[in-house]
Amino acid sequence: MTDVSLISLFDALLADLDGVVYAGPDAIPGAVESLQQLAGLDIGLGYVTNNASRTPAQVAAHLRELGAPAEDNQVVSSSQAAAELLSSMLPPGARVLITGSPALAQEIELVGLTPVSGQDEDPVAVVQGFNPGIGWKDLAEACYVISAGALWVATNTDSTIPQARGIAPGNGAFIAAVAGATGQTPLVAGKPEAPLFHAAAKRLAADRPLVVGDRLDTDILGGNNAGFATVAVLTGVDTKRTILAARTAERPDYMISDLSDLHRPYPAVNNTDGTYRCGAASAHVRGDTVRVQGREDDLDAWRAACAAWWAAVPEAAEARAPQLEWLTP
């Protein structure tokens with residue numbers, strides 16, 4: 001174990017929002033305080049979100065209401081990425097059907113395109129982003145336009161979104177409905193594509209950013225795609241078990257309980273003849289079983305298990321869960 005905190009190894013933190021900083025309207029316990037501490041460490045902070053239902057300014061305002069440090073330009077959203085992608089593919093003034101929020105329409109307008117709301121306005125493209133008020137008529141309108149040959153761009157494909165009462169359908173669930181009806185597949189602008197992360201790092205002039213997120217398939221995959229260090233936090237969608245089973249491209253460099261762990265030393269994982277030790281726990285692989293010497297409620301035991309399993313299965317194109325044998329000390 002090093003004597004320095006995990007975050008002190010980096011010059012910026014690129015944080016996801018839903019499931020990391022807040023769940024629905026409420027802050028996740030300890031998250032705001034952990035973000036506030038970054039200022040005293042001279043570590044940059046950016047927010048990288050796939051949620052396209054609000055403008056970056058609205059997101060920043062919400063963060064400030066919760067007590068988190070946030071200027072408008074610290075928020076980089078998938079709606080911005082979608083607008084930039086469409087503007088690179090369409091002539092100025094081109095009509096784009098908005099299947100999403102007014103915030104998404106605003107981003108489309110800011111890049112010189114024309115947001116419209118129906119097929120009768122002759123759109124040449126559809127942009128689809130999360131909006132909790134979206135309904136069947138909205139999805140049907142998108143289907144009509146896409147089936148007629150329009151370009152289709154999705155801000156993101158998160159299938160779920162954490163809310164205060166639990167896990168709810170995300171933009172990916174609505175994308176799947178349109179894809180099922182049209183037989184088409186959208187271009188995806190946000191996570192897990194790398195440009196969103198590169199844009200956030202560039203704004204902060206960061207050379208060694210750490211990406212923190214709760215989802216393997218967007219946050220961690222996207223951070224890995226960008227070539228940045230990644231840390232999975234256990235306050236949202238993915239769990240210790242799903243992280244252990246992760247395919248190679250979605251494996252994080254670190255795993256923490258919540259954002260407060262950023263300010264603690266991260267325990268080293270050492271390998272001795274195939275036995276991986278982390279803190280008081282250890283793990284080794286026998287066939288398709290990871291044998292763990294430690295307690296199931298000890299995160300160090302899961303860190304050791306991940307190291308052992310990932311070393312045994314270094315190339316996994318799909319998620320693959322091992323059997324677990326707990327050898328309680």
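These legends accompany several views of one predicted model. Residue numbers start from 1 along each chain as its sequence is written. Local features need pLDDT of at least 70 and side-chain atom pairs pLDDT 80 or more, while totals for chains, interfaces and linings use all residues, and side-chain values use heavy atoms, without hydrogens or water.

**View 1. Here is the whole chain.** The protein chain holds 10 helices and 20 strands (DSSP runs numbered from the N terminus: H or I of at least four residues for helices, E of at least two for strands). Its radius of gyration, 21 Å, is close to the 20 Å from the globule rule for 329 residues, so the chain is as compact as a globular protein of that length (taken over C-alpha atoms; the rule is 2.2 Å times the number of residues to the power 0.38).

**View 2. Now for the largest nonpolar core.** Among its 58 residues, Leu13, Leu35, Tyr47, Leu63, Leu210 and Leu262 touch the most other members. Such a core joins buried Ala, Val, Leu, Ile, Met, Phe, Trp, Tyr and Cys through side-chain atoms within 4.5 Å; buried means under 20% relative accessible area, with a 1.4 Å probe and protein chains only. Helix 10 (residues 299-312) gives the largest share, 10 residues. Apart from this core lies another, of 27 residues, including Val76 and Ala189.

**View 3. Meet strands 19 and 20.** Residues 289-293 and 323-327 pair in the parallel sense over five bridges (pairing takes at least two DSSP bridges). Thr289 has Gln323 of strand 20 as its bridge partner. With helix 10, the two strands make a right-handed β-α-β unit: with strands pointing away from the viewer, the path from the first strand over the helix to the second runs clockwise.

Key
Buried means under 20% relative accessible area, exposed over 50%, partly exposed in between (1.4 Å probe, protein chains only).
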